[in-house]
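The sequence and structure are shown first.

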Amino acid sequence: MTEGMNPSEPATRRLRSTALAALAIVSAASIGVLMHQSLPSPSSVLRSIDILGGDHQGPPGARALDEGNPSLANLDPDLLRALRAAATDAADDGIELVVNSGWRSAEYQEQLLRDAVSKYGSETAAARWVATPATSAHVTGDAVDIGPTAAATWLSEHGAGYGLCQIYANEPWHFELRPEADVRGCPRPYADPTHDPRRQQQ
């Protein structure tokens, strides 16, 4: 035995090495979980559509406009033209407008409504957020939900010039075409969809 060596020292070293290895494994696992949580979900990637089209690159998860994509192809043509004009000018300000949801089928709208009832506990509570297929402006191709937040804010501030208005105070992402807004300005938003007379139709 070398003079001055502690007999327990090799065991201590082995214990320390094992502890460090375990710590490294736990740290790697934690980093993996954090990275996974920071990635966009597949549904958010698929539902984000670049309204400028062509080779324009939108934010992560956005995809170029496919003329056959029903979410945009089934929008009111005047609404789509206004959106593209706004998107072009927003891009000059460094803002990218993305349609998170455009036209919806009646079946999809019904599914969203069922999900909202499940989430909020009643049809009355769900009605503040999701319309029936018979009253939804998305089903008729007359509404779009815009993201991200900076884009919705930009459109809220500048949209009247394109006839694009925020309709509901509780949904700052929801815009519809109001052609007279470029002269008169946008009408005051309803507090929520239950205050919209169109939503009372069945």
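Which members of the largest nonpolar core touch the most other members?

## Basis of the values

This is a predicted model, in which local features need pLDDT of at least 70, side-chain atom pairs count only at pLDDT 80 or more, and totals for chains, interfaces and linings use all residues. Residues are numbered from 1 along each chain as its sequence is written, and side-chain values use heavy atoms, with hydrogens and water left out.

## Nonpolar cores

The residues in question are L83, L97, V144, I146 and L155, in a core of 20 residues. A nonpolar core is a set of buried Ala, Val, Leu, Ile, Met, Phe, Trp, Tyr and Cys residues joined through side-chain atoms within 4.5 Å. Buried means under 20% relative accessible area, exposed means over 50%, and partly exposed lies in between (1.4 Å probe, protein chains only). At least two residues of this core come from each of α4 (77-92), β3 and α7 (149-158). Helices (H or I, at least four residues) and strands (E, at least two) are DSSP runs, numbered from the N terminus. The largest share, seven residues, is supplied by α4.

Leaving aside neighbours within four places in sequence, I146 is in contact (heavy atoms within 4.5 Å) with L83, L97, V98, V99, N100, A151, A152, L155, W173 and F175. Another core, of five residues, lies apart from the largest one and has L112, L113, A116 and A126 among its members.

## Strand pairing

Strand β5 (residues 171-177) runs antiparallel to β3, and three bridges join the two. Two strands pair if DSSP finds at least two bridges between them. In this pairing, D145 stands opposite H174 in β5.

Four bridges join β5 to strand β4 (residues 164-168), again in an antiparallel arrangement. L164 stands opposite L177 in β5. β4 and β5 form a hairpin with two residues between them.

## E171 in strand β5

E171 lies in strand β5. E171 is buried but has no salt bridge, and the nearest side chain of opposite charge, R199, is 5.9 Å away. A salt bridge is a side-chain nitrogen of Lys or Arg within 4 Å of a carboxyl oxygen of Asp or Glu. For charge, Lys and Arg count as positive and Asp and Glu as negative, while His and the chain ends are not counted. Not counting residues up to four places away in sequence, E171 touches R128, W129, Q166 and P193.

## Aromatic pairs

Three aromatic pairs are found in a search of the whole structure. One of them joins Y120 and W129, which are stacked at 6.3 Å centre to centre with 15 degrees between the planes. Rings of Phe, Tyr and Trp (its six-membered ring) pair if their centres lie within 6.5 Å; planes under 30 degrees apart count as stacked, over 60 as edge-to-face and the rest as tilted. Y120 is partly exposed at 35% relative accessibility, and W129 is partly exposed at 27%.

W154 and Y162 form a tilted pair, 6.2 Å centre to centre and with 35 degrees between the planes. W154 is buried, with a relative accessible area of 8%, whereas Y162 is partly exposed at 21%.

T132 is in the loop between α6 (123-126) and β3 (143-147), and is partly exposed with a relative accessible area of 24%. T132 and A106 are 26 residues apart in sequence, with 8.5 Å between their C-alpha atoms.

A73, in helix α3 (residues 70-73), is partly exposed at 45% relative accessibility. A73 and W103 are 30 residues apart along the chain, and their C-alpha atoms are separated by 8.2 Å.
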